[in-house]
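Welcome, and thanks for taking a look at this model with me.

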Amino acid sequence: MRTVVVILILFLGSGANVEHAGNVINDVYDATAEDLAAQPLEYYSDYFSFIGEDELGHVAFAIDINRGRDGDAYQAEHFVVLNDAHHGWIDIVGNGAIEPATRDLIALVNSETFQFQGQPENGIRLASETNRLTLTVEPIPVIYSRQKGLAKIWMGSAKATLQWQGREIDGRVIYEYLYLPAFNRLSRTYHGLWADFHGIYVKVDDAQDLYIHTQRSPLLTPLVGEKAGFALLHNGRGELENLEMRVTNSSVALGFYRWPQAWVGTFDFKQHSYTLELGLENRTSIVNWVLGGFAMGVLKGRLTQGQNSYSLLGLGELLI
């Protein structure tokens, strides 16, 4: 959902082969191991969304490590964004397509700019000497998971520290793993598979997390539904129930669509009812298709439960 993604994870394909929605969706969820052996087509994504703060303000950082196979050809890319409270969006070296040095698609793919040590479940370290950046993430427990056929997604969150430009910033990471068989947006172009993905990745105060998505993608819906989320809060961790979200403000885009700018929502979690208000700030447009687009932005807001109120800060991902 890149993303889930949602999300750049799925839809920014640039390959020469054009696929259309109906056949693709059936292929993804009906694929068998025998089908993949006969026609290898696979897509993997590991997405890390970090938000943290120090005395200089917040830093938001996200990286999506994408890998694909199309027959005997292998593809990979690193999608990277970084936002600083005072300097806005920062250009990061190493953002884009890379040549995979291995045919092991399950492992995170290193590049000249970014190297990875460890696994999300056991703790992981991402380092980029070029960007003077290191992200260290504690072991990530599974909080949300779905599987349909061979397709699967799992998500979780953990404490993390970002070292960047001489700063050491404590914060949180929300992580997403996605695997899709019979699909590869790195080698093929897909039409009609995205629709109104709003991804919300925020920390709650300093040591808790909240993830929410709403979307209408015909590809994603069989796997993740049109709305879902999870939380790690003071009263436990798990999936949200009775989730409702509504856009309360939007702005004009350079095309025939609008960017959502603010939301209100309600959900139940561990026998408590919550309300939230969120606003999107400092949006950056990644891609504009005229009829839709892909953008990232900084999210700020409040989460309320009874007499308790908590601050929300994180990243929003919009695939419209």
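In which sense do β16 and β17 pair, and over how many bridges? The two strands are antiparallel, and four bridges connect β16 with β17. Here strands are DSSP runs of E with at least two residues, numbered from the N terminus, and two strands pair if DSSP finds at least two bridges between them.

Before going further, a word on the basis of these values: this is a predicted model, where local features need pLDDT of at least 70 and side-chain atom pairs count only at pLDDT 80 or more, while totals for chains, interfaces and linings use all residues. Residues are numbered from 1 along each chain as its sequence is written, and side-chain values use heavy atoms, with hydrogens and water left out.

**The sheet**

β16 and β17 form a hairpin, with two residues between the strands. On its other pairing, β16 (residues 227-233) is joined to β15 (residues 208-214) by six bridges, again antiparallel.

**The cavities**

A cavity is a set of points on a 1 Å grid over the protein atoms alone where a 1.4 Å probe fits but cannot get out, and lining residues have an atom within 4 Å of a point. A volume is the space filled by probe spheres set on the points, which are joined across faces, edges and corners.

| Largest | about 50 Å³ | β2 (41-54), β12 (167-181), β14 (197-204), β22 (308-319) |

Among the residues lining the largest cavity are Phe50, Arg172, Tyr201, Lys203 and Asp209. The second largest cavity is lined by Phe48, Phe116, Ile124, Leu126, Leu135 and Val137.

**Confidence**

The mean pLDDT (the predictor's confidence in each residue, from 0 to 100) is 93, and 93% of the residues reach 70 or more. Over residues 2-18, however, the pLDDT is below 50; this stretch has 91 contacts beyond near neighbours in sequence in the model, a contact being heavy atoms within 4.5 Å.

Terms used
On a 1 Å grid over the protein atoms alone, a cavity is a set of points where a 1.4 Å probe fits but cannot get out, and a pocket is an open set with protein on both sides within 12 Å along at least five of seven lines; lining residues have an atom within 4 Å of a point.
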